[in-house]
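Biologist: Could you take one part of this model and go through it closely with me, in a single connected account? I would like to follow how the pieces pack against one another.

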Amino acid sequence: MNRASRWLVVVVPGVLLFFLPLPGLSPVQRHLLAVFTATVVALVAQPVPMGVTGVVALTVLALTKTLTANQVFGGFSNPTVWLIFTAFLFATAVTSTRFGMRVAYMFIRRFGRSPLTLGYSVASADLVLAPFVPSDTARGGGIICPVVRSIASAVGSEPGPTASRLGGFLTLVGFHTTYTASAMFLTGMAANPLMATFAHDTAHVELTWITWALGAIVPGLLALIFVPWLLFRLHPPSLKDTEPARAVARDALRALGPLSGKETRLVIILLLVMAGWVFSPWHGIPNAIVALAGVSALLLTDVISWDELLAERKAWEALIWFGTLIMMADNLLQSGVVGVLSKSAFRYVQAWPALAALSALVIAYQYIHYGFASMTAQISALYPSFLAAALASGANPLVSALSLAYFSNVNAAMTHYGTGSAPVYFGAGYVPQGTWWRLGFIISVVNIVIWLGVGLAWWKVLGWW
């Protein structure tokens with residue numbers, strides 16, 4: 001699709017919504033919905049960078065007087081936006097100090113005694129990094145995938161005839177554990193805090209860091225244990241001797257040398273930030289302020305420099321377009337647009353028993369992701385309305401909010417384009433597209449059983465419903 005076609009895809013639905021009357025919506029509500037829809041479509045089609053999309057959306061809302069200037073810029077005062085921004089800076093520190101690479105190689109050296117345990121080593125490394133690297137693209141695509149490729153190459157497994165030696169299996173394990181680790185922490189994926197804001201505004205529940213992790217720990221760990229084993233059975237590697245892979249890890253760690261002063265300071269700061277997030281219900285300091293304190297410590301101790309912070313384009317871009325999305329989503333909720341749309345779209349489901357309605361909504365939400373190339377885009381477009389529909393059916397607010405939040409991550413399983421890390425892993429060339437989609441669908445069913453089956457039982461034990 002060329003750039004002109006992408007613009008057409010963005011502009012046409014926005015213009016139609018802007019001018020055509022919609023039952024139950026006032027002109028201001030319709031105009032806000034039109035700009036929001038065009039923004040989400042632009043995030044998928046990407047005729048321009050995401051930051052540009054955010055700036056244009058702000059400008060259109062102000063010039064058309066759909067919102068006041070204070071409302072337009074209100075998203076940037078939301079703590080969630082700053083939590084996302086600071087989390088990207090933690091990722092920069094983990095990457096630039098090479099601490100993330102060290103963690104991955106340490107797990108492989110210690111536990112990679114067979115192809116299956118090598119897969120578990122990859123999963124464990126991703127899990128350890130997930131709370132501090134809020135981008136599965138940066139974590140999976142930028143840290144874990146290069147390690148996987150170097151290990152595969154070391155044992156003579158390259159794309160093509162030798163892919164089945166080890167590279168195909170490790171690629172699949174790396175991908176399917178990346179989005180699982182993202183689901184387990186509030187700070188595991190950039191849009192997770194966005195959903196916490198939606199949950200607060202729509203369902204009036206607080207998704208704290210500890211609540212999110214507590215709800216995910218049983219289904220998440222079960223998925224990290226079972227899915228690599230399942231992939232080992234469905235796509236088994238022919239290689240049996242993994243000693244060359246461990247040798248690569250030993251050589252890489254030798255080249256990295258002992259833990260540097262920057263890495264030591266980074267680890268201490270990350271552990272203190274983690275403690276701040278875990279104990280936030282007791283000390284009362286918001287997660288965003290804890291994260292900002294961590295970034296201040298990184299700067300003052302020279303773990304990262306001010307120039308590195310200024311050069312972190314993804315963090316600044318996220319600040320702009322997340323601020324824009326949160327602002328529009330808040331206004332859509334407050335103006336009643338989400339309520340009108342959810343009642344119209346989900347009127348049949350709302351008559352079902354609460355648990356059946358929630359299950360149907362979560363499953364539909366997962367498979368709708370076949371049509372999205374971005375988890376954030378789907379979350380922005382659909383999470384509030386699906387959550388409102390679940391609440392209207394009588395489902396428990398906390399369980400509804402977290403179910404949809406977890407599946408906003410694990411719905412990436414199915415395709416090679418559903419999240420940022422997917423094209424990186426798929427692009428390595430170890431797994432054909434047909435195999436990727438076939439295994440992805442199987443694992444999507446497994447995820448439903450684990451996260452919606454075992455998960456509901458675990459949340460019952462916790463007394464959440």
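Modeller: A residue is called buried under 20% relative accessible area, exposed over 50%, and partly exposed in between. Bearing in mind that this is a predicted model, we can begin with Val 218, which lies in helix 11 (residues 209–234) and has a relative accessible area of 30%, so Val 218 is partly exposed. Leaving aside residues up to four places away in sequence, Val 218 touches Val 454 and Trp 458, whereas the C-alpha atom of Leu 259, 41 residues apart from Val 218 along the chain, is separated from that of Val 218 by 32 Å.

Turning to helix 23 (residues 433–461), its axis and that of helix 19 (residues 354–367) come within 12 Å and cross at roughly 150°, which means that helix 19 is roughly antiparallel to helix 23. The crossing of these two helices is right-handed. On the helix 19 side the contact is made by Leu 355, Ser 359, Val 362, Ile 363, Gln 366 and Tyr 367, which meet Phe 441, Ser 444, Val 445, Ile 448, Leu 452 and Leu 456 of helix 23. Of the residues in this contact, nine are nonpolar and three are polar, with no charged residue taking part.

Key. Residues are numbered from 1 along each chain as its sequence is written. This is a predicted model: local features need pLDDT of at least 70, side-chain atom pairs count only at pLDDT 80 or more; totals for chains, interfaces and linings use all residues. Side-chain values use heavy atoms; hydrogens and water are left out. Axes are lines fitted to C-alpha atoms, for helices over the stretch in contact, and angles run from 0 to 180 degrees between N-to-C directions. Helices (H or I, at least four residues) and strands (E, at least two) are DSSP runs, numbered from the N terminus. Angles under 35 degrees count as roughly parallel, over 145 as roughly antiparallel, 65 to 115 as roughly perpendicular and the rest as oblique. A crossing is left-handed if the near helix is turned anticlockwise from the far one by less than a right angle, and right-handed if clockwise. Contact means heavy atoms within 4.5 Å. Ala, Val, Leu, Ile, Met, Phe, Trp, Tyr, Cys and Pro count as nonpolar, Asp, Glu, Lys and Arg as charged, and the others, Gly among them, as polar. Buried means under 20% relative accessible area, exposed over 50%, partly exposed in between (1.4 Å probe, protein chains only).
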